[in-house]
Structures are given as structure tokens and as C-alpha cells.
Amino acid sequence: MSVFEQMLLCAVGLGLASLLGSTLGLFVRKIPHRWNDIFLGFCAGMMLTASIVCLIVPAVDMAGEGGWWQPLLGVFLGVLLIGVLDKVTPHLHHLTGLDRNRVSEEPHGTRNKSIDRILLFVIAIAIHKFPEGLATGVVFDGSNLQNAYTVAITIALQNIPEGMVVVTPLLMIGVKFPRVIGVSLVVALLEMAGVLLGYFIGDMSSALLPTVTAIAGGAMLYVISDEMIPETHSHGFEKHATYALVAGVMCMLYIQMLV
């Protein structure tokens with residue numbers, strides 16, 4: 001099997017892993033706040049670890065001493081990007097069709113803010129999918145296929161809970177089933193497109209990869225701190241969510257160690 005064929009196989013595998021998580025998430029329609037906070041806390045812990053261990057730290061390693069500014073710039077741009085999105089989220093629920101029966105001038109209430117918070121998190125996941133795929137594609141240069149498979153397996157395992165995080169909150173806030181399926185497919189395809197692009201542009205993406213990867217890490221850090229942790233601590237189940245977050249951190253660390 002050629003390197004190109006192995007790269008394609010991994011691209012499909014990453015997409016299927018994301019869709020597997022989305023499929024599991026489809027079985028969850030409405031859960032109590034306690035379990036919702038536990039679940040989101042666990043995923044926040046996994047995302048926190050992944051953003052640092054899988055994105056920011058590799059960006060620092062790739063940049064080296066002479067390129068120290070690249071990860072710093074990338075994290076700043078990632079935070080800035082999601083910060084700007086955070087400002088426009090009062091209109092994000094239009095994308096889901098949730099305001100079909102609302103008057104456009106209606107003030108945004110607590111429910112709309114909750115919807116916007118969830119959509120912001122989903123967007124952040126979608127944003128960081130492409131750089132993850134890019135990172136996977138770049139390492140398929142034929143020099144170290146074992147390392148390439150390690151990166152691919154790590155991201156694939158991470159994709160399963162991420163796929164659930166994309167689907168479950170959307171279903172809970174009432175997004176129509178076809179739209180949820182569409183979002184899941186787009187998220188999976190974004191990562192697969194990143195793998196293909198990373199493989200084909202090779203050296204160019206290698207030069208840009210520290211910054212691009214750090215942008216993804218910064219975006220995730222912003223959302224975890226500004227949105228996810230406050231959300232899991234707003235219903236009286238702070239301890240449960242905290243324990244779940246720690247469990248998510250340790251789970252992701254062990255996944256990294258195993259692969």
C-alpha cells in the first residue's frame with residue numbers, strides 16, 4: 001500500500017471516528033442537568049488536555065527556539081477569533097432554525113444565551129478539526145509512518161467524544177434532526193479535507209503548521225474557560241462537573257500514552 005493510500009485510509013478513519021461519536025450522541029435526546037454537566041465537564045477536560053498536549057505543545061516543538069513567536073501568535077489569533085465570534089453569537093441561532101417562530105426584534109433571553117453558548121462550542125470544535133487534519137496529512141511524508149499513525153490514532157480517539165459533543169447539545173436545544181446530521185457530516189468532512197490538503201501542500205504547510213495548530217489550541221482554550229466551565233457550574237453540580245473534568249484530563253493523558 002502506497003503512502004498516499006495509507007493517508008487516504010487515515011483520512012477516512014478520522015471521518016468515521018467523528019461520525020461514530022455523532023451516532024452515539026444521537027441516542028441522547030434529553031438528560032438531567034446533573035448528567036449534562038458531568039458529560040460536558042468530562043469532555044471539557046479532554047478538550048483542555050488535547051488543546052495543550054495535542055495542539056499547543058506540538059506547535060511549540062515544531063517552531064523551535066527561533067520560531068517561538070509562531071505558537072504565541074497562533075494562540076493569540078485563536079483566542080481573538082473565538083472572542084470575535086463570541087460577540088456575534090446573539091445571531092448564531094438563526095443558523096439552526098431555532099428562531100423560526102420568533103420576532104427578529106425580540107430581546108435575547110436566557111434560553112437564547114444558552115443556545116449561543118452551545119453553538120459557540122460546536123463552532124470551536126469545527127474550527128479546530130481542520131488544523132488537526134492538516135497536522136495528520138503533513139506527517140504522512142513517508143519518513144516516519146509510525147509517527148503518522150500515532151498522530152492519526154490519537155486524533156481518531158479524540159474524535160469520538162468530540163462527535164458526541166457536537167450532536168448531543170444541539171439535540172437538547174431542539175435543533176432539527178436533519179440539521180444535526182448535516183452539522184456532523186460537515187465537521188467530519190472538514191477534518192478529512194484538512195488531511196488531504198496537509199498531504200498535498202507538504203513543505204508549505206510544515207512552515208505554517210505551528211501557527212495554524214496553535215490557533216486551534218487557543219480557540220479551544222478560550223471556549224473551555226469562557227463558556228464550557230461556567231456552563232457546567234451554573235446548575236448546582238459544580239463538584240460533579242469538576243470531578244468529571246479531572247477524569248477527562250486523565251483519560252486524555254492515558255490515551256496519549258497508549259498511542
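Predicted model: local features only at pLDDT ≥ 70, side-chain atom pairs only at ≥ 80, totals over all residues.

Residues are numbered from 1 along each chain as its sequence is written, and side-chain values use heavy atoms, with hydrogens and water left out.

Helices here are DSSP runs of H or I, at least four residues, numbered from the N terminus. Axes are lines fitted to C-alpha atoms over the stretch in contact, with angles from 0 to 180 degrees between N-to-C directions.

Helix 1, residues 3–25, and helix 6, residues 177–201, cross at roughly 160°, their axes coming within 9 Å. They are therefore roughly antiparallel, the term for angles over 145 degrees. Contact means heavy atoms within 4.5 Å; among the residues making it are Met7 and Leu14 of helix 1 and Leu185 and Met192 of helix 6.

Helix 2, residues 33–63, packs against helix 8, residues 238–258, at about 40°, with the axes 7 Å apart.

Now the cores: sets of buried Ala, Val, Leu, Ile, Met, Phe, Trp, Tyr and Cys residues joined through side-chain atoms within 4.5 Å, buried being under 20% relative accessible area with a 1.4 Å probe, protein chains only. The largest has 16 residues, and Ala44, Met47 and Met252 are among those with the most contacts inside it. Helix 2, helix 7 (203–232) and helix 8 each give it two or more residues. Another core, of 11 residues, lies apart from it and includes Met7 and Leu14.

Note on methods
Parallel < 35°, antiparallel > 145°, perpendicular 65-115°, else oblique. Buried < 20%, exposed > 50% of the residue type's maximum accessible area, 1.4 Å probe, protein only.
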